[in-house]
Every structure is written in structure tokens, then in C-alpha cells.
Amino acid sequence: DKVLISQAAKYLKLKNITLFECNLKRFQELSEQKAIGQQIKKGVRGILGEVNEGDRHFQLFRVFIELGVRFTELPDQDAQPVNPLFQIEAVFQVDYELTDEVDQAALHEFANYNAVHNAWPFWRQFVFSTAHQAGLPCPEIPLLTDLQQ
């Protein structure tokens, strides 16, 4: 809901984006003969809190964005299970300072759209860098708009 997002955006200032948690997990060795597919995951949760920075006191809206990509072996036509090959996951923490009161519904919409949008370039860089350093095929990270439909 763009109206709710706009209401929240008026009273939120981006403070910081940090990598909160991450992992790379290999389930099996990659074989060049295998056809591979890709799965993605996205989860978002936000919390409100109070912050004291020296003589300043303000409300903080903290959003945790959990993102993941998993490569799977595509089954043969007769095979049923999809075997995972490797996955890369990360949780980003995005902090916003609230400059005025904001409705919970507006914060929820903002977190699911704007906060994810703010963290997305960090996610793409993390995946590309991790896959490269691990000698793995580089996953395709879709444009954010493709994921939100």
C-alpha cells in the first residue's frame, strides 16, 4: 500500500544497514553434469525500541531482513526429490530513526518494501562475493521488483 509507505517514509530517517548474521552451507559437491535450479527466500520483521545516544533520546525502528538463495539439483524426469547443493543466507539489520509517531500498519508496509529495497544492494554484493570466494557458481539475484510480485 503506497499510501501507508508514504506516511511512514515522512517520519523515518535511515540510520544504518549492517550484516547481522550470515552463512554458506554446502550440502554436496557440485558436478558439472548436473542441471541446477535456484530457490530464494525472504522474511521481514520489524521492532520498535527506544535509544539513548548521549543526550539524545529517540525511537528506533529496527528491521531484520532475512534473505537466502539455494542451488538445487534439478531432478531427472523420473526422479522426485530436489537435492540441495549449496545455500547462501544473510540477515541484514536496517535501523531507522522515527521523527514522529507512525501507525503500525504503515511501519509494516514500509519494512516490507522500503527496508528491503534499502538492503537489497548489500545482499546482492554479499551473495556475489561469497559465491566467488567459495568457488561456486554465481547465483542470479533477481531485481527486487521481480521478488515483490
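**Exercise 1.** Determine the strand order of the open sheet and state which strands stand at the edges.

*Solution.* In this predicted model, the open sheet has 4 strands in the order 1-4-3-2, and their pairing is antiparallel. Strand 1 (12–26) and strand 2 (36–53) each have a single partner strand, so one side of each is left without a neighbour in the sheet; these are the edge strands. On average, neighbouring strands are turned by 15° against each other, direction ignored.

**Exercise 2.** Describe how strand 1 pairs with strand 4, and how strand 2 pairs with strand 3.

*Solution.* Step one: strand 1 and strand 4 (residues 83–98) run antiparallel and are joined by 13 bridges. Within this pair, Arg 26 has Phe 86 of strand 4 as its bridge partner. Step two: strand 2 pairs with strand 3 over 18 bridges, again in the antiparallel sense. Here Val 51 is opposite Phe 58 of strand 3. Step three: strands 2 and 3 form a hairpin with 2 residues between them, and Gly 54 in the turn has a positive phi of about 65°.

**Exercise 3.** Which strands does helix 2 lie across?

*Solution.* Helix 2 (residues 104–133) lies across strand 1, strand 2, strand 3 (56–73) and strand 4. Relative to strand 4, helix 2 runs at about 130°.

**Exercise 4.** Classify the exposure of Glu 53 and identify its contacts.

*Solution.* Glu 53 belongs to strand 2. Its relative accessibility is 40%. Buried requires under 20% and exposed over 50%, so Glu 53 counts as partly exposed. Leaving aside residues up to four places away in sequence, Glu 53 touches Lys 15 and Phe 58.

Key:
Residues numbered from 1 in each chain as written. Predicted model: local features only at pLDDT ≥ 70, side-chain atom pairs only at ≥ 80, totals over all residues. Heavy atoms only, no water. Pairing = 2+ DSSP bridges. Axes fitted to C-alpha atoms, helices over the stretch in contact; angles between N-to-C directions. Contact = heavy atoms within 4.5 Å. Buried < 20%, exposed > 50% of the residue type's maximum accessible area, 1.4 Å probe, protein only.
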